[in-house]
Amino acid sequence: MIYRVLLLVGPMLACSNTLDTPQSTDEQLLPPYEAPYSATVPTRLILREFNTALAQRRRMVVRSQAELKAIWAEVYARRAPMPAVPLVDFERNTVLVAAMGQRNSGGHSIEFTQIATAGGNLAVTVTEVAPGAKCGVTGALTSPIVILSVPKIDGHVQFIDFEEVRRCN
């Protein structure tokens, strides 16, 4: 069973046990409920990694190969040789990054759970999952990240964050 905590109150409601203080990690807040976000967006996975050098939580919109190269170098700062930076056609695509930051055990994950567009803007739902108290996990430090490409977005990108706790029996 998974418990869901809504961190940013947005146009969508979720079943939750606790409603936390709203927090925003967007480029610029969209006008509230200006348009319904209903058109889903196709995605392509670039990276899913659980052991990175990113110690802090991040949400990023990457709009150039130089920006992607910079974040890639941060992700793999502790690894040699560093994997090649994927080539992305930024004339046609935008890259989204969600990093959880360093956690004190295994069992943590991060996903883009919904990406929708309206009026040239993008609403991106990110879900961070933590292991429950009874879950068996490794004692290793982890720092999960997921990177996706989506069709190019020139408008505003708003990240809506959820946290879930996985319950293990």
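These legends walk through close-up views of one predicted model. Local features are described where pLDDT is at least 70 and side-chain atom pairs count only at pLDDT 80 or more, while totals for chains, interfaces and linings use all residues. Residues are numbered from 1 along each chain as its sequence is written, and side-chain values use heavy atoms, with hydrogens and water left out.

**View 1. Four strands make an open sheet in the order E4-E9-E6-E5.** Their pairing is antiparallel. Strand E4 (44-49) and strand E5 (58-62) stand at the edges with a single partner strand each, so one side of each has no neighbour in the sheet. From one strand to the next, the twist averages 15°. Here, helices (H or I, at least four residues) and strands (E, at least two) are DSSP runs, numbered from the N terminus. Two strands pair if DSSP finds at least two bridges between them.

**View 2. Strands E6 and E9 pair side by side in the antiparallel sense.** Seven bridges connect E6 (residues 93-99) with E9 (residues 145-151).

**View 3. Arg 79 and Glu 49 meet in a salt bridge.** The N to O distance is 3.3 Å, and the rule asks for a side-chain nitrogen of Lys or Arg within 4 Å of a carboxyl oxygen of Asp or Glu. By this rule the count comes to eight salt bridges. Arg 79 sits in the loop between H1 and E6 and Glu 49 in strand E4, 30 residues apart. Which of the two counts as buried, and which as partly exposed? Glu 49 is buried at 15% relative accessibility, whereas Arg 79 is partly exposed at 33%. Buried means under 20% relative accessible area, exposed over 50%, and partly exposed in between (1.4 Å probe, protein chains only).

**View 4. Glu 74 and Arg 58 link helix H1 to strand E5.** Their side chains form a salt bridge of 2.4 Å, N to O. The two residues are 16 residues apart, with Glu 74 in the helix and Arg 58 in the strand. Glu 74 is partly exposed at 33% relative accessibility, and Arg 58 is partly exposed at 25%.

**View 5. Arg 103 and Glu 128 form a salt bridge.** The closest N and O atoms are 3.3 Å apart. Arg 103 lies in the loop between E6 and strand E7 (109-118) and Glu 128 in strand E8 (residues 121-131), so the pair ties together parts 25 residues apart in sequence. Glu 128 is buried, at 3% relative accessibility, while Arg 103 is partly exposed at 24%. Salt bridges with shared partners join Arg 57, Arg 59, Arg 103, Glu 128 and Asp 161 into one network.

**View 6. A disulfide joins Cys 135 to Cys 168.** The S to S distance is 1.9 Å; a disulfide is a pair of cysteine sulfur atoms within 2.5 Å, and the count comes to one. With 85° about the S-S bond, the link is right-handed. Cys 135 lies in the loop between E8 and E9 and Cys 168 in the segment after strand E10 (157-166), so the pair ties together parts 33 residues apart in sequence. Cys 135 is buried at 13% relative accessible area, but Cys 168 is partly exposed at 23%.

Terms used: Axes fitted to C-alpha atoms, helices over the stretch in contact; angles between N-to-C directions.
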